[in-house]
Each structure stands twice: as C-alpha cells, then as structure tokens.
Amino acid sequence: MALILRRGDEVEVCSKQVGFVGSYYAATVITNIGNHSYAVRYKNLVSEEDQSQPLTEIVAADELRPMPPKVSATEFSLYDAVDAYDNDGWWVGTISGKRGSNQYYVFFNTYGVEILYPLSRLRPHL
C-alpha cells in the first residue's frame, strides 16, 4: 500500500545523490504533485541560489518516509544498525565499537569509513 502524504507532513528524504547515499534529511511536504512525486522543503538544507532560504525540491515518493518516532537509546550493542547525525542529516551505519561510557564508533559500509560519535548524535535505525 502506497504512503499518502499531505501538505505539512513531517518526513525524511533519503538521498540518492552520489556522496549522500544512505543519508536522511528532515523536510516538510509542500504538496503532492502527482505521478508519485512530492514537493518538499528541507529543515536544515539551504538553496544554493539564496542561502537564507530553505532548499525546496521535488522528490519521488519512494525517497520519502514518515519522520521516525523519537527514540532515545541509553546504549547500543556491537553491530546494531544506527543513524548518526552528521552534516545536517542522518546517516545509516553499524555500531563497530565503543569508547568510554557514551561514545560509539559507527562504520558506514557505503563509504568504508568508521567515525566516533557521542550517544547524543545516534538513534536506532528504523
């Protein structure tokens, strides 16, 4: 069953652009333009032409998902699937290690890199 979104719905857009694959960005639906596409306005990305304006873009319905529920994790285990907040978006990765009580190494398979994040910038991947 296809997801029907309406003006004002909060969503995340899954980027398919090279260098951004596996990342999700918060946006609001502006309108359903038909043909399985929506116009969205990003919350944290700005227009290249006018950096004071939020980026607005037309995206395919299969690039959208409802905003995930706020789930606060107190810890993660090795190999847990997580989203790490970086560069204004959420990036899908896997817990690959832990340092101290609240810092985790996240491995991003798409890019072959491992980065250390505080717990506050991680969420369970849904």
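In which strand is the place of Ser37?

The model described here is predicted. Ser37 belongs to strand S3, a strand made up of residues 37-46. The relative accessible area of Ser37 is 16%, and this residue is therefore classed as buried, the limit being under 20%.

Apart from neighbours within four places in sequence, Ser37 is in contact with Asn32, Ile58, Val59, Ala60 and Ala61.

## Annotated domains

The unreviewed UniProt entry carries the annotation "domain: Agenet" for residues 3-72 and 74-126.

Residues 74-126 are 60% strand and 0% helix. For residues 74-126, the end C-alpha atoms are separated by 16 Å.

The volume of the largest pocket is about 310 Å³. Its lining consists of 22 residues, and those closest to the centre are Pro69, Lys70, Val71, Trp90 and Arg123. Strand S2 (23-34), strand S7 (89-99) and strand S10 (122-124) each give two or more residues to this lining. Sorted by class, the lining of the largest pocket comprises 14 nonpolar, four polar and four charged residues.

The second largest pocket holds about 260 Å³ of space. Among its 14 lining residues, Ser15, Gln17, Tyr42, Leu45 and Glu57 lie nearest the centre. Two or more residues of this lining come from each of strand S1 (10-14), S3 and strand S4 (54-60). Strand S4 makes the greatest contribution to the lining of the second largest pocket, namely three residues. By class, the lining of the second largest pocket has eight nonpolar, three polar and three charged residues.

How many salt bridges does the structure hold? There are seven salt bridges in the structure. One of them joins the side chains of Glu12 and Arg65, with a distance of 2.7 Å from N to O. Glu12 counts as buried because its relative accessibility is 1%. Arg65 also counts as buried, at 14% relative accessibility.

Another salt bridge is formed by Asp83 and Arg123, whose closest N and O atoms are 2.9 Å apart. Since Asp83 lies in strand S6 (residues 81-86) and Arg123 in strand S10, the pair ties together parts that are 40 residues apart in sequence. Asp83 is buried, with 0% relative accessibility, and Arg123 is buried, with a relative accessible area of 13%. Through salt bridges that share partners, Glu12, Arg65, Asp83 and Arg123 are joined into one network.

Asp62 is in the loop between S4 and S5, while Lys16 is in the loop between S1 and S2, so the pair ties together parts that are 46 residues apart in sequence.

Are Asp62 and Lys16 buried or exposed? Asp62 is exposed because its relative accessible area is 59%, the limit being over 50%. Lys16 counts as exposed as well, at 53% relative accessibility.

Notes. Residues numbered from 1 in each chain as written. Predicted model: local features only at pLDDT ≥ 70, side-chain atom pairs only at ≥ 80, totals over all residues. Heavy atoms only, no water. UniProt positions renumbered as here; feature names shortened; annotations may be inferred. Helix = DSSP H or I, 4+ residues; strand = E, 2+ residues; numbered from the N terminus. Buried < 20%, exposed > 50% of the residue type's maximum accessible area, 1.4 Å probe, protein only. Contact = heavy atoms within 4.5 Å. 1 Å grid on protein atoms, 1.4 Å probe; cavity = no way out; pocket = protein on both sides within 12 Å on 5 of 7 lines; lining within 4 Å. Points joined across faces, edges and corners; volume = space filled by probe spheres on them. Nonpolar A, V, L, I, M, F, W, Y, C, P; charged D, E, K, R; others polar. Salt bridge = Lys/Arg side-chain N within 4 Å of Asp/Glu carboxyl O.
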